[in-house]
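Here is a short briefing on one protein chain. Look over the sequence and the fold, then read the points below.

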Amino acid sequence: VQLQASGGGSVQPGGSLRLSCTLTGNFNFIESMAWYREAPGKPVELVAQITSSRTTKYADFVKGRFSIFRDNARNTMYLQMYMLKPEDTAVYYCNADLKYGLNDGRGMFWGQGTQVTVSS
């Protein structure tokens with residue numbers, strides 16, 4: 001199983017970015033997928049999560065600005081980010097909670113990070 005994240009970059013405050021995370025490999029079921037971020041000197045924090053039933057959850061600091069959604073046909077998750085602020089600067093990681101294998105084992109998988117920088 002691999003998660004490939006992309007879409008990071010540098011934008012000015014108020015700008016927008018869309019992150020993508022594509023899941024490949026052998027698995028049975030996606031329980032949920034999520035975006036986390038790690039800013040310098042700060043702990044990793046959950047940004048947004050989407051479950052198999054498309055229930056979403058957002059951190060308070062992104063509500064109303066970010067939107068998480070999935071394209072199940074492409075096994076791809078997106079994070080649409082609007083009204084970006086300097087404090088959104090971080091490495092963003094995608095995560096998948098999967099069932100896999102003959103016995104429906106459960107595991108968490110992580111993609112490589114993608115850098116988002118918001119500055120003027």
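The count of disulfides comes to one. This is a predicted model, and its disulfide joins cysteine 21 to cysteine 94.

**Disulfide**

- The sulfur atoms of cysteine 21 and cysteine 94 are 2.2 Å apart. A pair counts as a disulfide when its sulfur atoms are within 2.5 Å, so this pair qualifies.
- The link between cysteine 21 and cysteine 94 is right-handed, with 65° about the S-S bond.
- Cysteine 21 sits in strand E3 (residues 17-24), and cysteine 94 sits in strand E9 (residues 90-100). The pair therefore ties together parts that are 73 residues apart in sequence.
- Are these cysteines buried or exposed? Cysteine 21 has a relative accessible area of 0%, so it is buried. Cysteine 94 also counts as buried, at 0% relative accessibility.

**Nonpolar core**

- The largest nonpolar core holds 29 residues. Met33, Trp35, Leu79, Met81 and Tyr92 have the most contacts inside it.
- Eight strands are named as suppliers of at least two core residues each: E1 (2-6), E3, E4 (29-38), E5 (45-51), E7 (66-71), E8 (76-81), E9 and E11 (114-118).
- Which strand gives the largest share of this core? Strand E9 does, with five residues.
- Leaving aside residues up to four places away in sequence, methionine 81 touches Gly15, Ser16, Leu17, Leu19, Arg65, Phe66, Tyr92 and Val116.
- As a general rule, nonpolar side chains in soluble globular proteins tend to be buried together.

**Overall fold**

- The protein has 11 strands and zero helices. Along the sequence, the pattern reads β-β-β-β-β-β-β-β-β-β-β.
- Among contacts between residues at least 6 apart in sequence, 52% join residues at least 24 apart.

**Size and surface**

- The radius of gyration is 14 Å. A compact globule of 120 residues would have a value near 14 Å, so the two agree.
- The C-alpha trace spans about 50 × 25 × 25 Å along its principal axes.
- Of the 120 residues, 41% count as buried.
- The protein exposes about 6,400 Å². Carbon and sulfur atoms supply 49% of that area.

Note on methods
Residues numbered from 1 in each chain as written. Predicted model: local features only at pLDDT ≥ 70, side-chain atom pairs only at ≥ 80, totals over all residues. Heavy atoms only, no water. Helix = DSSP H or I, 4+ residues; strand = E, 2+ residues; numbered from the N terminus. Buried < 20%, exposed > 50% of the residue type's maximum accessible area, 1.4 Å probe, protein only. Core = buried A, V, L, I, M, F, W, Y, C linked by side-chain atoms within 4.5 Å. Contact = heavy atoms within 4.5 Å. Rg over C-alpha atoms; globule rule 2.2 N^0.38 Å. Areas by Shrake-Rupley, 256 points an atom, 1.4 Å probe, with all protein chains shown as cover.
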